[in-house]
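Visitor: Could you walk me through this structure? I'd like to learn how to read it.

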Amino acid sequence: MKVLGLIGSVRRLGNSEILTKEALMGAEEEGADVEILRLTDYTVKPCTGCATCLLQEKDCIIDDDANFIFNKMAESDGIILGVPCYILEATAIIKQLIDRGFAPMQQNKLRGKAGGVIVPYATRGWTQNVFQQTNTWLLAMGLKIIDQCLIHVQGLREAPIFEKSIESAHELGKNVAKAIKSGDYSYQGEQGICPVCHDRNLRILKDMQTVECPVCAVRGKVSLKEGRINIVFSQEDISRNRWTEENLRRHFSYHLKPSKDFFIKTKDKRKKLIQKYKDYPAI
């Protein structure tokens with residue numbers, strides 16, 4: 001059993017690294033072999049939108065370290081991601097890897113692996129989008145989120161001072177390893193609203209009665225019950241979430257891959273039409 005820690009912070013031995021290592025210590029207690037990658041030590045270039053990975057069903061052709069990172073993840077049974085929250089969101093390396101995730105999404109090399117997410121943050125009320133990004137990245141590749149925790153640690157390398165923070169990270173690591181050992185991938189973290197990613201962010205749809213998780217596309221019905229908001233997700237809606245293997249296969253097979261024929265068919269026409277944009281503005 002191998003658990004890989006991924007650190008999404010440029011700061012060495014900062015709170016993200018400390019908490020990720022604490023989680024890996026917890027995983028080791030459950031018998032896991034562990035390894036760490038500092039994501040910011042590697043070069044991950046922007047996706048160019050060339051669609052080679054989709055249309056030719058191969059690894060990304062960009063010459064950088066993204067394929068290495070995804071392959072290291074594929075070699076592991078579980079992933080623990082530690083990333084700080086800066087201005088409502090995760091750090092840039094996570095956003096970059098989301099865009100580069102088309103190849104591993106369709107290859108299914110990561111499907112079914114256990115995942116845990118640790119987010120240290122400085123300012124309360126400034127974390128609304130961070131789990132949307134971390135979970136979009138992991139769920140898109142087929143991981144199952146076992147646990148996630150948001151940890152308030154404002155100062156540099158402050159995490160070890162707070163016993164509860166260290167305990168939370170340690171328990172997360174144990175939960176990920178236990179899931180791998182037992183085969184029980186049920187969610188163990190603090191309950192949110194979405195039954196898939198367990199975040200609390202929701203979109204209100206135009207009928208003003210239906211809400212949707214912006215990450216998982218699970219829809220539920222809203223009502224008021226004794227003055228409290230009540231949201232009901234049917235099992236059918238949950239089973240149709242965006243990240244199921246069936247839905248992702250449909251996304252690639254019926255929405256993306258058919259564009260290959262159109263792309264080839266319109267090559268000469270496009271070349272002619274874009275000339276005016278190539279020549280604009282006139283020098």
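Guide: We'll take the sheet, then the cavity.

Guide: Some ground rules: this is a predicted model, where local features need pLDDT of at least 70 and side-chain atom pairs pLDDT 80 or more, while totals for chains, interfaces and linings use all residues. Residues are numbered from 1 along each chain as its sequence is written, and side-chain values use heavy atoms, leaving out hydrogens and water.

Visitor: What order do the strands of the open sheet have?

Guide: Strands are DSSP runs of E, at least two residues, and helices are runs of H or I, at least four, numbered from the N terminus. Two strands pair if DSSP finds at least two bridges between them. Here 5 strands form an open sheet, ordered β2-β1-β3-β6-β7, with parallel pairing. β2 (33–38) and β7 (144–152) each have a single partner strand, so one side of each lacks a neighbour in the sheet.

Visitor: How many bridges join β1 to β2?

Guide: There are 6, with β1 covering residues 2–7. For instance, Val3 has Val34 as its bridge partner in β2.

Visitor: And what is a cavity?

Guide: On a 1 Å grid over the protein atoms alone, it's a set of points where a 1.4 Å probe fits but cannot get out; lining residues have an atom within 4 Å of a point. Grid points join across faces, edges and corners, and the volume is the space filled by probe spheres set on them. This structure has 1 cavity of 30 Å³ or more.

Visitor: Which element gives the largest share of its lining?

Guide: That's α3, with 4 residues. The lining includes Asp59, Phe70 and Leu110.

Methods:
1 Å grid on protein atoms, 1.4 Å probe; cavity = no way out; pocket = protein on both sides within 12 Å on 5 of 7 lines; lining within 4 Å.
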